[in-house]
Structure formats: C-alpha cells, structure tokens
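Subject: Handover of a structure and notes on its side-chain contacts

Dear colleague,

Please find below the structure that I am handing over to you. My notes on its side-chain contacts follow directly after it.

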Amino acid sequence: MLSRWLQEFRQAIYKNLCKAQDATFELMDALLLTRKAESLADLSLSRVFRRQWSSVYEALQDTRPDREELMKLYIQQIPQSKRIVLAGDHTSWSRPFAKTLKERTYEHSPSQLGGRPVTVGYGYSTLA
C-alpha cells in the first residue's frame with residue numbers, strides 16, 4: 001500500500017498531465033519499472049502499461065504538462081537542509097571517425113582501445 005504522501009504526490013502529477021492522463025501516467029510507471037527499455041515498444045510491453053502499443057505514441061503526442069508546476073512539485077520533495085550538496089558527472093562519447101560531425105572536442109576517456117586517455121568526440125556533463 002502506498003503511503004499517503006506518495007499518493008498525494010502521484011495525484012498532483014496526474015492532475016498536471018492534462019490530456020491523455022491515464023496513458024501517460026502508465027507510461028511513466030512503465031519507464032520507472034522497466035530495467036532495459038530499448039524502444040517505446042518495450043515500454044508498451046510492461047505489465048503496468050495496460051493499453052495497446054499505439055497508446056504510447058498518442059500519450060506522448062497529446063500530453064502537455066506544465067513544466068514549471070511539475071518542477072515545483074519535484075522541488076517540494078527535496079528535503080530541506082542547511083548544506084547544499086552538488087554532484088557533477090562528465091561522460092565522453094568517442095566519435096573518432098565522424099570527421100564531419102560538428103563541435104567534436106578532445107575528451108579524456110581512460111577506457112579507450114589502445115590505452116589512449118584522449119579521444120575525439122562529444123562530452124556530456126551533468127550537475128545535480
């Protein structure tokens with residue numbers, strides 16, 4: 001049984017989804033519970049997604065949630081503390097043979113073939 005807090009949180013998100021609420025909500029649950037989804041069809045096969053596979057596309061096309069309201073809901077779930085903790089991550093994506101790919105940069109990547117710690121490709125950074 002879900003706790004009252006979680007029920008209220010999920011209900012607030014559900015109300016924010018506007019059109020296609022049921023299908024979108026089930027799609028979100030499928031995304032959370034599917035370990036390895038390589039396609040939208042994989043999500044449609046989840047046991048929590050009780051609709052036909054075409055509903056996946058309709059849900060994504062029809063729903064227009066208010067992003068600011070969702071962000072407020074998410075921020076309310078963060079425990080209040082006096083110390084702010086930031087975490088950073090950088091991932092490099094090696095693309096040495098994609099010579100026409102714009103904005104390639106030199107990236108540190110110690111696990112590359114040949115033991116070379118620098119590769120040409122893209123870098124993705126996340127700060128949370």
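Does Phe9 count as buried or exposed? At 17% relative accessibility, Phe9 counts as buried, because buried means under 20% relative accessible area, exposed over 50% and partly exposed in between (1.4 Å probe, protein chains only).

Please note that this is a predicted model, in which local features need pLDDT of at least 70 and side-chain atom pairs count only at pLDDT 80 or more, while totals for chains, interfaces and linings use all residues. Residues are numbered from 1 along each chain as its sequence is written, and side-chain values use heavy atoms, with hydrogens and water left out.

Aromatic pairs

Rings of Phe, Tyr and Trp (its six-membered ring) pair if their centres lie within 6.5 Å; planes under 30 degrees apart count as stacked, over 60 as edge-to-face and the rest as tilted. By this rule the count comes to 3 aromatic pairs. The ring centres of Trp5 and Phe9 are 6.1 Å apart and their planes stand at 5 degrees, so this pair is stacked. Both residues belong to helix H1, where Trp5 and Phe9 are 4 residues apart, about one turn of the helix; helices (H or I, at least four residues) and strands (E, at least two) are DSSP runs, numbered from the N terminus. Trp5 counts as exposed, at 51% relative accessibility. Together with Tyr74, Trp5 and Phe9 form one aromatic cluster.

Salt bridges

A salt bridge is a side-chain nitrogen of Lys or Arg within 4 Å of a carboxyl oxygen of Asp or Glu. The structure holds 7 salt bridges.

Helix H1 (residues 4–16) contains both Arg4 and Glu8, again 4 residues apart. These two form a salt bridge whose closest N and O atoms are 3.2 Å apart. Arg4 is exposed, with a relative accessible area of 63%, whereas Glu8 is partly exposed at 45%.

A further salt bridge joins Arg10 and Asp29, with 2.9 Å between the closest N and O atoms. Arg10 lies in helix H1 and Asp29 in helix H2 (residues 21–33), so the pair ties together parts that are 19 residues apart in sequence. Arg10 is partly exposed, at 24%, while Asp29 is buried, at 17%.

Glu38 and Lys36 also form a salt bridge, their closest N and O atoms being 3.2 Å apart. Both of these residues, Glu38 and Lys36, are exposed.

Yours sincerely
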